[in-house]
Amino acid sequence: MACATWLNQSVLPTLCNRTHICFNLRHFRSFSSSGLRLRLRSLQLCAQAKRTSSFKDTPVASPADLNFVSPLKIVEYPDPILRAKNKRIVTFDDNLKKLVDEMFDVMYKTDGIGLSAPQVGINVRLMVFNPVGERGEGEEIVLINPRVNKYSKKIVSFNEGCLSFPGIYADVERPGSVRIDAQDISGAKYSINLSGLPSRVFQHEYDHLQGVLFFERMTDEVLDTIRAQLQALEKKYEERTGSPSPEKIDTHQSRKVAAGFGKS
Ligand SMILES: [Zn+2]
C-alpha cells in the first residue's frame, strides 16, 4: 500500500496532474500503523505548528524574496537560513510555479519525500511533498501559507530524518493527525485532514516554516544519540564558512523551552 493512498485526492489541489506535498525518505525502515506496514527509507520530514501570533502579522514576501538560482541546493544545519523568518506568499505567478518544480526536482534527486522552501534557501511559507518519493508516482502536493487548526490528541513516535541533517535519523513524537488550511499553487484556499505518513511529513515540514528543527522535538535521551553528529555538522559549517557556528547543540535547551514545545 502506497503512502499516497492516505491522501484524499478529491480534496487535494493538483498541479500538472500531480498533487504536491513535502517529505524525504532515505534508508528504508519498517513502519506499522493502523494495520499498515510500510517499507520506508528513514524519513526526512519537516513540521509542526506553534499556534502563536496572528498569521496576518507574518511579513509578506516580495518578488525579490522569491528569486532563486537553479539548481537549488539543500541548506544544511546550522545555517541560519533554517532559523530565519519565513514570509507569507501573496503572488501566485509563473515564477512560483518554477520554484515549486525546482523544489520537486531537488527533492527527488536527494531521495526526499518532502521539502520546505527554507531548506533551499528561500525564506517563504511553501512546502512540497510526495509520500511515494518517485517522480511520476504517487501524488505531488503543494502547500502554500499552510496553517494548522487542529491536532489529534494521539501522539505517535516515528523515526525521522531531514535533508538538512544528512545521515541523521532518530525518533520524534508528534500528533498522529492534523487539520490544515492552505493555498494551492494558484492561490485558492482549501482545507485538508492528514493522518499517517502525510501527517508526519507535513508536521516536519511545517516546523521548518516555523524555524523549528526536528531535533528540538526529540527527548533528551534520543537527542543524546545524535549529539555527536550534530556537532560534526556544526564543525563542517565552521570549516566551510570560516565563521563560528550560529548555534550549538549544547546550548539548545533554552530554545526548546522558549519555543513552547510539549508532548500534547
Ligand atoms: Zn527537514
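**Salt bridges in the predicted model**

The model is predicted, so local features require pLDDT of at least 70 and side-chain atom pairs pLDDT 80 or more, whereas totals for chains, interfaces and linings use all residues. Residues are numbered from 1 along each chain as its sequence is written, and side-chain values rest on heavy atoms, without hydrogens and water.

- The whole structure contains 12 salt bridges, each defined as a side-chain nitrogen of Lys or Arg within 4 Å of a carboxyl oxygen of Asp or Glu.

**D207 and R217**
- D207 pairs with R217 in a salt bridge whose closest N and O atoms lie 2.8 Å apart.
- This pair links distant parts of the chain, 10 residues apart: D207 belongs to helix α2 (residues 196-209) and R217 to the loop between α2 and α3 (220-241); helices are DSSP runs of H or I with at least four residues, numbered from the N terminus.
- R217 is also buried, at 13% relative accessibility.

**R227 and D224**
- A salt bridge joins the side chains of R227 and D224, with an N to O distance of 2.8 Å.
- Both residues lie in helix α3, 3 residues apart, and are therefore separated by about one helical turn.
- R227 is partly exposed at 23%, as is D224 at 47%.

**E238 and K248**
- E238 and K248 form a salt bridge at 3.1 Å, N to O.
- The two partners, 10 residues apart, connect distant parts of the chain, with E238 in helix α3 and K248 in the loop between α3 and α4 (253-258).
- E238 is partly exposed, with 27% relative accessibility, and K248 is partly exposed at 37%.

How values were computed:
Helices (H or I, at least four residues) and strands (E, at least two) are DSSP runs, numbered from the N terminus. Buried means under 20% relative accessible area, exposed over 50%, partly exposed in between (1.4 Å probe, protein chains only).
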